[in-house]
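Welcome! Have a look at the model shown here, and then let us walk through it together, step by step.

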Amino acid sequence: MLESMDLDSSEQDPEVKKYSPVCVGREDDIKKSERMTAVVHDREVVIFYHKGEYHAMDIRCYHSGGPLHLGDIEEFDGRPCIVCPWHKYKITLATGEGLYQSINPRDPSAKPEWCSKGVKQRIHTVTVDKGNIYVTLSKEPFKCDSDFYATGDFKVIQSPF
């Protein structure tokens, strides 16, 4: 009986991976282009430089794998978002939340309100050291919708190996 309890508890505690920071480029380069793509520990990411801040997330949209590195950054409800070029899904740069507009169908005078679908896109940490940009992959143990498109057949950046 004790053995099965141990098995159950190990299934409930997802493995937390520890990733080291990876240098993906120079600060001067991303400030000019405002975005760059990179492969970090076999995961494809896009790094944005927007209004003096760096943001990194999985390169493929959580909805159906759209190429976020080709999307436009727009403000919605005061939050900068990447807009997926395929289906116009809006993803906050800071948190990875999916945003949508909701309206109360029973109130004809209601105005649409911006609402969150929750965190849908995995966000990664960006640091700058001596002019170099480093990305550290998220170690958050929760399943994120964008995880499905982050590796395997959906890769868009071809590895030189």
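## A partly exposed arginine and its partner

Let us begin with one side chain: Arg79 has a relative accessible area of 27%, so Arg79 counts as partly exposed. Please keep in mind that this is a predicted model. Arg79 forms a salt bridge with Glu97, and their closest N and O atoms are 3.1 Å apart. Because Arg79 sits in strand S6 (residues 79-83) and Glu97 in strand S8, the pair ties together parts that are 18 residues apart in sequence. Glu97 has a relative accessibility of 17% and is buried, because the cut-off for buried is under 20%.

## The five-stranded sheet

Now to the strands around this pair. An open sheet is built from five strands in the order S5-S6-S7-S8-S9, with antiparallel pairing. At its edges are strand S5 (72-76) and strand S9 (113-119), each of which pairs on one side only. On average, neighbouring strands here are turned by 40° against each other, direction ignored.

For a detail, look at strand S7 (residues 90-92) and strand S8 (residues 97-102), which pair in the antiparallel sense over two bridges. Lys90 has Leu99 in S8 as its bridge partner.

## The six-stranded sheet

Another open sheet has six strands, in the order S1-S11-S10-S4-S3-S2, and its pairing is antiparallel. Strand S1 (22-26) and strand S2 (35-40) are the edge strands, each pairing on one side only.

How many salt bridges does the structure hold? There are seven. One of them joins Asp147 and Arg43, whose closest N and O atoms are 2.6 Å apart. Asp147 lies in helix H3 (residues 147-150) and Arg43 in strand S3 (residues 43-50), so this pair ties together parts that are 104 residues apart in sequence. Arg43 is buried, at a relative accessible area of 14%. A network of salt bridges links Arg43, Asp58, Arg122 and Asp147.

Lys120 also forms a salt bridge, with Asp145, at 3.2 Å between the closest N and O atoms. This pair links distant parts of the chain, 25 residues apart: Lys120 is in the loop between S9 and S10, and Asp145 is in the loop between strand S11 (132-136) and H3. Lys120 is buried at 19% relative accessibility, whereas Asp145 is partly exposed at 36%.

## How confident is the prediction?

The chain has a mean pLDDT of 87, and 84% of its residues reach 70 or more. Over residues 1-15 the pLDDT is below 50, and this stretch has one contact in the model beyond near neighbours in sequence.

Notes: Residues are numbered from 1 along each chain as its sequence is written. This is a predicted model: local features need pLDDT of at least 70, side-chain atom pairs count only at pLDDT 80 or more; totals for chains, interfaces and linings use all residues. Side-chain values use heavy atoms; hydrogens and water are left out. Two strands pair if DSSP finds at least two bridges between them. Helices (H or I, at least four residues) and strands (E, at least two) are DSSP runs, numbered from the N terminus. pLDDT is the predictor's confidence in each residue, from 0 to 100. Contact means heavy atoms within 4.5 Å. Axes are lines fitted to C-alpha atoms, for helices over the stretch in contact, and angles run from 0 to 180 degrees between N-to-C directions. A salt bridge is a side-chain nitrogen of Lys or Arg within 4 Å of a carboxyl oxygen of Asp or Glu. Buried means under 20% relative accessible area, exposed over 50%, partly exposed in between (1.4 Å probe, protein chains only).
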